[in-house]
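Please open the model in your viewer and keep the selection panel at hand. The stops below are given in the order in which they may be selected.

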Amino acid sequence: MKIERIEVYHVRMPLLRPWRAGHGDEAAIESIFVKLVSGRLYGWGESSPLATPTYSPEWAGGLFLVLARYMAPQVLGKEVASGEALQALLAPVKGNHFAKAALDQAWWDMHARGLGQPLWKSLGGRKSVVKVGADFGVKDSFAELLSEIEAAVKAGYLRVKLKYRPGWALEMIREVRSAFPTQIFHVDCNSTYTLSDLPMFRELDAFGLAMIEQPLMHDDLVDHAKLQKEIDTPICLDESITSVSKARKAIELKSCGWINIKPGRVGGLTNALAIHDVCARAGMPCWVGGMLESSLGAHQCLALATLPNFTYPNDVFPSHTYYRTDLCDPPVVLSGVSEITAPDTPGSGAEPNPRRLQDQTIAREVISL
Ligand code: MG
């Protein structure tokens, strides 16, 4: 497929309620959409690193610039036959994983549309039904959190993830565990702690959590290996795993018992598939994470989650959880209890609503032959 036109959009999507986690508080999600065009074919990708460089070193404004100035010119006019070929074209640009992901995911969508195949089948997925979990950020009170968890438990969610940060930590877990003694929970620290917090992690060990997500620094592997030796609860790495190489090193160092794969964080679906395969060969189980993307990004995560080594309920959410109206069509909806089904339409199954895209775009750049 010769890439003849690349459109880059920086969009702002207001959340129904602020999302509060260890890395900071978000009132809106800023996301980057990329449209690739080749003849009559096109594909859409979405990558959301958030509005500020607080979850990772990348941010939406930076993505827009690096895509428009450096990456799109590397790809424009080139024949791109595979995800690996696209990644090779982008290799001179160091890092910038979320930016590469926007192009990579648009390529995969276009590739699947060209085959007349749903994306999940093009990626090698086995079954279209994906198990999903419920997530809760920091709330104003424990009572508010407990009532939201109660609704999720009644709805049959297989697991519940809780954001965890100083001030919303052991005391919160104590309340939650005593109210829901048998529900599967895990916590996500978003890299807010250090090894000096070992006594706290030893106390946390007693609450029977499924895992502790990214307790330490966002790019660390070595201290996580030290912490993992000291506690029984498996560590799940998220922020630290930005490439196939980092996944391999985490496995070798025994830094974790789980790996969360987000297509954006690792440079796109091409690398997500490679990490999935490295983990499967090593016996390291995985699950798919998200960045509160629109339905487009969520559909890309959903397609990835159909692969066999994603064995824990994934972070793909119905659109109405976070947005009044999703920027993309169709919205994500549950297809059963704690599950969402990847669609059988060609490509990811979602794309921006033209009117809402126009209304919510902050900046746009078009590069064409
Ligand atoms: Mg996380």
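This is a predicted model: local features need pLDDT of at least 70, side-chain atom pairs count only at pLDDT 80 or more; totals for chains, interfaces and linings use all residues.

Residues are numbered from 1 along each chain as its sequence is written, and side-chain values use heavy atoms, with hydrogens and water left out.

**Stop 1: the magnesium ion.** Select the ion together with Asp-188, Glu-213 and Asp-238, which coordinate it through OD, OE and OD respectively at 2.1 to 2.4 Å. Donors are N, O and S atoms within 2.8 Å of the metal (3.2 Å for Na, K and Ca); water is not among the atoms, so sites may look incomplete. Along the sequence, the donor residues follow the spacing D-x24-E-x24-D. Asp-188 in strand β7 (residues 185-188) and Asp-238 in the loop between β9 (235-237) and α9 (244-253) are 50 residues apart, and the pair links distant parts of the chain. Helices (H or I, at least four residues) and strands (E, at least two) are DSSP runs, numbered from the N terminus. Both Asp-188 and Asp-238 are buried, that is, under 20% relative accessible area with a 1.4 Å probe and protein chains only.

**Stop 2: the sheet.** Next, display the open sheet of seven strands, ordered β5-β6-β7-β8-β9-β10-β11 with parallel pairing. β5 and β11 (286-288) stand at the edges with a single partner strand each, so one side of each has no neighbour in the sheet. Strands pair if DSSP finds at least two bridges between them. Strand β8 (residues 212-213) is joined to β9 by two bridges, and these strands run parallel. Glu-213 stands opposite Cys-236 in β9.

**Stop 3: Lys-139.** Move to the loop between β5 (134-136) and α5 (142-154), where Lys-139 is placed. Is Lys-139 buried or exposed? Lys-139 counts as buried because its relative accessibility is 15%. Its side chain makes a polar contact of 3.0 Å with that of Glu-148; such a contact is a pair of N or O atoms within 3.5 Å, and within protein one must be able to donate a hydrogen and the other to accept it, with residues adjacent in sequence counting only if both atoms are side-chain atoms. Beyond its neighbours within four places in sequence, Lys-139 is in contact (heavy atoms within 4.5 Å) with residues including Arg-20 and Trp-168.

Notes
Buried means under 20% relative accessible area, exposed over 50%, partly exposed in between (1.4 Å probe, protein chains only).
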